[in-house]
Amino acid sequence: MSSSQPIFRLWTSCFLQATLDYLEGQVHLITSFANSTKIVIGVACLLKLRKNNFSTVEARTRHYDWEVNYEYKSPDCYKKLAITINGRTPGPTILAQQGDTIIVKLQNNLLTENVAIHWHGIRQIGTPWSDGTGGFTQCPIQPGEKLIYKFVVDRAGTYTYHGHYGMQREAGLYGTIIVLLPNGVSEPFSYDYDRNIILNDWYHKSSDEQATGLSSIPFVFVGEPQSLLINGKGKYNCSLLTTPGACNATNPQCSPHVLTVVPGKTYRLRIGSLTALSALSFEIEGHDMTVVEADGSYVEPFVVRNLYIYSGETYSVLVKANQDPSRNYWITINVVSRKPATPTGLAIFNYYPNHPQKPPPTVPTTGPLWNDTTSRLAQSIALKARQGFIDTPPLTSDRAIVLLNTQNKIDGYYKWALNNLSLTFPTTPYLIALKENLTDAFDQNPPPDGYDFASYDIYRVAKNVNATSSNRIYRLRFNSTVDIILQNANTMTVNNSETHPWHLHGHEFWVLGYGMGKYNMSSDGKKYNLVNPIMKNTVPLHPYGWTALRFQANNPGVWAFHCHVESHFYMGMAVVFEEGIEKVGNLPSSIMGCGETKSYNRPRP
């Protein structure tokens, strides 16, 4: 029995943990394949055995049938319409292995709204039409229609997906993608169990109401969110409502999320943020966290108590359940970078066998100071590529584009702009227009690569009298190396500069450096980290600061680069890159049917 004892012990421990997972609602990936609780727990346990190289043969193509609907939900106790996938928000987690093909058959059951879903962090090599960005790479899916997304997950790591049409992400259309390593390949760090946590902020107004306010004169900002959600659960104070009928504090939908742990075990927490507005600080009361992964790239490990995370980012942290096991602990998220008007988001770090709903005996942590830019910048700078996994960037670039990030008024409407151009989407998506040579679909003039460096004062409210709306794009030479310097400035409010998390589709980029104040063209480039820069797909631009990126334009297609704050993107804070369009294969007709392609045949799947 000696040869089988390790497997038996592993199975016993695994079955216990998988049982805990099931009881707290974590095993949702495979319930559609199971007919009983026992099978659910057993399959979940097999997934955990995989991590220890007791692997089973797995299919290389993973099929998902999703239906998008509006349903009444109460994630923070307040009842409102939310967008769901197969009845859930957050939506189902996609669990795959590096190299797998993902096929998602998406049915839009929204009666009056289009839909598109972006696979955030998936590079879409060879499948740019599956990037899921309405107006960029596809015509959105119309009510009652279906579309098949098909793509390969070519890198292990933690990623997300979310709505990319209008402001539907903040209505609940989002979820997690976990890509495991190939069989026989190990992570450069060890842990016992693997969990995912997705963070969001939550509004009681509909996304349509908010979009209308952003597009109105007078301007109506979306304001601060009402709640912060951890794995889709939060708590709103129903007593604040004058008509509390829509709010029920005893609704089980808004009971706090519970993360159950076994004392002495180490957990890999895959944490993703898809907030609409808020930058967050994530903390587990009394526990250190070791950061080991960011946006799919291994990080030279460092320890934090508060993890700063911006919309669109993902991190893996290692946490050991090494505190007093007789009690539970708070998991908290708090707003940073904006003066908080939203209560702390709460979940429970539950030490087995304590009751999972037993509240900790302490007051929830309130997190760091919201306006401590220095500590947030320090964490950004601390992210380095892990030794042994460094992908060294080219030492020089072929082109540098400096993007001045400003808030403007155009024809009386509030907008965000880059180098005085606020992006508007053409009616014919860029990918289709370029591939089909529809030259009148958008303005063919190039946008500027810079701004008036000498005279622009980033610390003052600028008149920006030349700001205009535009649908121009940056056309990049294929295989060239491109530097992007993001420069932050004052908004239209005195003494105010905001945090902007910037996300690049279709690529990962090297983060070369950060700085405060105005970027110096002659000296700051000499300070770049060209030795071990982290590669990411989303990066913060700090208040009154700059962020420098480098990427290779080697993925044929059309790719959005934008602020991941929903309202900022909606108001024009984005640019478009085209590279190697002639190398893109034949476009599927299913992505057409809008703008100048209305007459094209669009077959139903």
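Me: Is the link of Cys-77 and Cys-254 right-handed or left-handed?
Reply: In this predicted model, local features need pLDDT of at least 70, side-chain atom pairs count only at pLDDT 80 or more, and totals for chains, interfaces and linings use all residues. Residues are numbered from 1 along each chain as its sequence is written, and side-chain values use heavy atoms, with hydrogens and water left out. Cys-77 and Cys-254 form a disulfide (a pair of cysteine sulfur atoms within 2.5 Å), with 2.1 Å from S to S. The angle about their S-S bond is 95°, and the link is right-handed.

Me: How many residues apart in sequence are the parts tied together by Cys-139 and Cys-594?
Reply: The sulfur atoms of Cys-139 and Cys-594 lie 2.0 Å apart in a disulfide. Cys-139 is in the loop between β5 (117-120) and β6 (146-152), whereas Cys-594 is in the segment after β32, so the separation in sequence is 455 residues.

Me: What is the torsion about the S-S bond of Cys-238 and Cys-247?
Reply: A disulfide joins Cys-238 to Cys-247, with 2.0 Å from S to S. Both cysteines are buried, meaning under 20% relative accessible area (1.4 Å probe, protein chains only). Their disulfide is left-handed because the torsion is about -65°.

Conventions. Helices (H or I, at least four residues) and strands (E, at least two) are DSSP runs, numbered from the N terminus. Buried means under 20% relative accessible area, exposed over 50%, partly exposed in between (1.4 Å probe, protein chains only).
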